[in-house]
Amino acid sequence: MSADARLVVISNRVAVPKARGAAGAQGGLAGALHSALKSRKGLWFGWSGEESGSGRTGNINTQTADGVTTATIDLSERDIEEYYNGYANSTLWPLFHYRLDLAKYERETGKGYERVNERFAELVTPLLKDDDIVWVHDYHLIPLGERLKSRGCKNRIGFFLHIPWPATRLFVSLPYHERLVRTMLHYDLVGFQTKEWLDSFLHYCRTELGAEVDEESGEVTLDGRTTMARAYPIGIDWDHFSGLGQSKASWQAEQRLKDSTRGRAAMIGVDRLDYSKGLPERLDGISRFFDKYPERTRDLVFVQIAPPSREDVDSYQAIRNTLEQKAGQINGARSEVDLVPVRYVNRGYQHEELYGFFRASKIGLVTPLRDGMNLVAKEYIAAQDPEDPGVLILSRFAGAAAQLEDAVLVNPHSPDDLAHAIRTALDMPLEERKSRYEKLIGTVRDDNVQDWTENFLNDLDRVPA
Ligand code: ADQ
């Protein structure tokens, strides 16, 4: 890539770069891309999140802030319903998170998904310059590269999938699965969070498409065209996140939580309210802990911060009700006049405040049933006091588990396993906490988001176009 080649990022949503806290609450992607775009005077194209009213105006709203230009378009009500709430979040998201039971397959939403991808291609094409490097993100935009190339785009185009890639047996339940994956093979480079998801993808290409697959190099060849597929585990913006500890807001948040727990150990969970995050199962594990170790009830306060997301999708409303019920049941059974064991908070916080809450918590509980990576696990580690670090309990099924092996790894489906892990974490001696922390912090610091972007973009530059 020439040193001054511009980076063009295309993703479903675009976050205005200076709104960092707000960006974080939308998902891990926004914060992760900020620095890459800033250093390359990049362009970020995507949906504004707004509805365009009855007609499709084709207006592109452009703004430049913090060295980054954002170009956003509105979508019609129908597009939002079919493409975003429908195919992306009611078909692909559940399927890719192994929730076949929640996945809906509707022909109309599939068509809407293809239509919006075509629309993205149509509107972004005039904005592209010859030597731009184009980087497409996530499951909303899988066919976009193929659409761009069919319009004559000669730029190198990479694609990164932020969520897991399911096992072949599961993936073939998607109608027209071949058609979707064939479009992926028009990208020059396709990135996954972990080797496990990469291997599943390569397995699919070999067994279902009959592609020629070189497992070593990740080269996939089909119909005379070669795509490179590799794993690039995403990290946090270490410099930014670790610097938050200097802020007044983080210090105040830390004190607030510590004061309120009055000597008890705080255990924290921070997740978007999403069924993939394993929140009901987590509460079952906590309930089991209190059942098995009733004498420890006064030792622990669990704080779950879970801002609502995707509220227009039914399964997201259902999980909210389930959680309220489960939290209520535990508190009903275990509360005393001066003690409420579960605090369930349905709102987002600034990253400074989250930093303070993480630091005040003796245990970080990150137990998704399936997760592409999970940045909260890394943020929890980054916020710990090196002299008195807390313990991370992490699901084996988060992509992050492949890197953070020194966390206490658990099976989030097993309440007994969770209960046991909580007890282990509560009783872990300082020496062991420190030695686990030393190894974890090395990974979190070194495999940061800057490295992730550099690695991906360097490879995109090197693959034969
Ligand atoms: P998410 O599913 O959104 O991201 P995650 O990686 O944990 O999951 O990122 C969440 C981000 O949102 C974190 O930076 C976190 O601090 C922030 N956040 C969560 N709750 C918040 C709250 N209450 N207030 C403020 N901020 C909050 C998707 C994939 C992941 C993958 C990322 C990045 O699902 O598997 O790790 O993209 O690739």
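**Sheet and salt bridges**

The model I consulted is a predicted one. Within this region, I found Trp44 opposite Thr70 of strand 4.

I then noted helix 4 (residues 107–124), which lies across strand 1 (7–13), strand 2 and strand 4 and runs at about 130° to strand 2. Helix 8 (residues 195–207) also packs on the sheet; I recorded that helix 8 touches strand 7 (189–192), strand 8, strand 9 (219–222) and strand 10 (225–231).

I traced the whole sheet next: 10 strands form an open sheet with mixed pairing, in the order 3-4-2-1-5-6-7-10-9-8. Its edge strands are strand 3 (61–65) and strand 8 (212–214). From one strand to the next, I noted an average twist of 20°.

I turned to charged pairs, and a search of the whole structure gave 43 salt bridges. One of them joins Arg182 and Asp223 at 3.3 Å, N to O. I located Arg182 in helix 7 (residues 177–184) and Asp223 in the loop between strand 9 and strand 10, 41 residues apart. Arg182 is partly exposed at 33% relative accessible area, whereas Asp223 is exposed at 60%.

I also looked up Glu254 and Arg359, whose side chains meet at 3.9 Å, N to O, in a salt bridge. Glu254 lies in helix 10 (residues 248–261) and Arg359 in helix 13 (residues 351–360), so the pair ties together parts 105 residues apart in sequence. Glu254 counts as buried at 11% relative accessibility.

Finally, I recorded a network of salt bridges linking Arg78, Asp79, Glu82 and Arg115.

Terms used: Residues are numbered from 1 along each chain as its sequence is written. This is a predicted model: local features need pLDDT of at least 70, side-chain atom pairs count only at pLDDT 80 or more; totals for chains, interfaces and linings use all residues. Side-chain values use heavy atoms; hydrogens and water are left out. Two strands pair if DSSP finds at least two bridges between them. Helices (H or I, at least four residues) and strands (E, at least two) are DSSP runs, numbered from the N terminus. Axes are lines fitted to C-alpha atoms, for helices over the stretch in contact, and angles run from 0 to 180 degrees between N-to-C directions. Contact means heavy atoms within 4.5 Å. A salt bridge is a side-chain nitrogen of Lys or Arg within 4 Å of a carboxyl oxygen of Asp or Glu. Buried means under 20% relative accessible area, exposed over 50%, partly exposed in between (1.4 Å probe, protein chains only).
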